[in-house]
Amino acid sequence: MKDKVRFDVAVAQIVKADKRFEPGGYQFLREALEHTIAKLRKDELLEHRQVSGPELLDGVVEHALSEFGSMAAAVLDSWGIRSGEDIGEMVFALIEAGAFGRSEDDSPADFHGVIDLRRRLLSPYRPSRPVLSPRRSGGSAEPPSRGNQPAKSSES
């Protein structure tokens, strides 16, 4: 087992070798892990246990939404984070660098196909019902056309 490495040192080594993810993304991941651990301890009254891949992904979504709101998907995207699989790759890069620990059961596959990260980050901000509904007469869901009419002037 590798000796524990300071987080910032591990991130510097990782981003020097692999430019896919920005340092800010790794810092966010660390904060999301801390958020997840705190939530699990509160919910389960457990002092210490490993966080599973799906639990961490849920924590990433919760933390991103609480920190960045409707901009969460854009912020994570700016760091190169576009999927749950990306989170898994970052976690295992941190494990390999010695900043995170792991159990024998942990695997990069724990992050594959678990969530659609972008959909989960955007879903709270999507309309809950159709914005445009088809006309009852069988028309399309397009907004009404004004044709070639200019906008009415407020001076009339």
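**Aromatic pairs, nonpolar core and salt bridges**

In this predicted model, the count of aromatic pairs comes to 6. One of them joins phenylalanine 28 and phenylalanine 68, whose ring centres are 5.9 Å apart. The planes of these two rings stand at 45°, and the pair is therefore tilted, since an edge-to-face pair needs planes over 60 degrees apart and a stacked pair needs planes under 30 degrees apart. Phenylalanine 28 lies in helix H2 (residues 23-44) and phenylalanine 68 in helix H3 (residues 53-68), so that the pair links distant parts of the chain, 40 residues apart. Phenylalanine 28 has a relative accessibility of 2% and counts as buried, whereas phenylalanine 68, at 27%, counts as partly exposed.

Phenylalanine 68 also pairs with tryptophan 79. The ring centres of phenylalanine 68 and tryptophan 79 are 5.9 Å apart, and because their planes stand at 70°, this pair is edge-to-face. Here too, distant parts of the chain are linked: phenylalanine 68 belongs to helix H3, while tryptophan 79 sits in the loop between helix H4 (72-78) and helix H5 (84-97), 11 residues apart. Tryptophan 79 counts as buried, with a relative accessibility of 18%; the cut-off for a buried residue is under 20%. Together, Phe28, Phe68 and Trp79 make up one aromatic cluster.

In soluble globular proteins, nonpolar side chains tend to be buried together. The largest nonpolar core of the model holds 38 residues. The members that touch the most other members are Tyr26, Leu56, Val60, Leu76, Ile87, Val91 and Leu94. Two or more residues of this core come from each of helix H1 (7-17), H2, H3, H4, H5 and helix H6 (117-122). Helix H5 gives the most, with 7 residues. Isoleucine 87 touches Leu29, Leu56, Leu57, Val60, Ile81 and Phe111 when residues up to four places away in sequence are not counted.

Charged side chains were examined next. The structure holds 7 salt bridges. In one of them, arginine 20 is joined to aspartate 18, with the closest N and O atoms 2.6 Å apart. Arginine 20 is partly exposed at 44% relative accessibility, and aspartate 18 is likewise partly exposed, with a relative accessible area of 21%. Asp18 and Arg20 are linked with Glu89 in a network of salt bridges.

A further salt bridge lies within one helix. Glutamate 34 and arginine 30 meet through their side chains at 3.8 Å, N to O; the limit for a salt bridge is 4 Å. Both residues lie in helix H2, 4 residues apart, which is about one turn of the helix. Glutamate 34 counts as partly exposed, at 47% relative accessibility, and arginine 30 counts as partly exposed at 32%.

Arginine 120 and aspartate 58 form another salt bridge, in which the closest N and O atoms are 3.2 Å apart. Because arginine 120 lies in helix H6 and aspartate 58 in helix H3, this pair ties together parts that are 62 residues apart in sequence. Arginine 120 is partly exposed, with a relative accessible area of 25%. Aspartate 58 is partly exposed as well, with a relative accessible area of 33%.

How values were computed:
Residues numbered from 1 in each chain as written. Predicted model: local features only at pLDDT ≥ 70, side-chain atom pairs only at ≥ 80, totals over all residues. Heavy atoms only, no water. Phe/Tyr/Trp six-rings, centres within 6.5 Å; stacked < 30°, edge-to-face > 60°. Buried < 20%, exposed > 50% of the residue type's maximum accessible area, 1.4 Å probe, protein only. Core = buried A, V, L, I, M, F, W, Y, C linked by side-chain atoms within 4.5 Å. Contact = heavy atoms within 4.5 Å.
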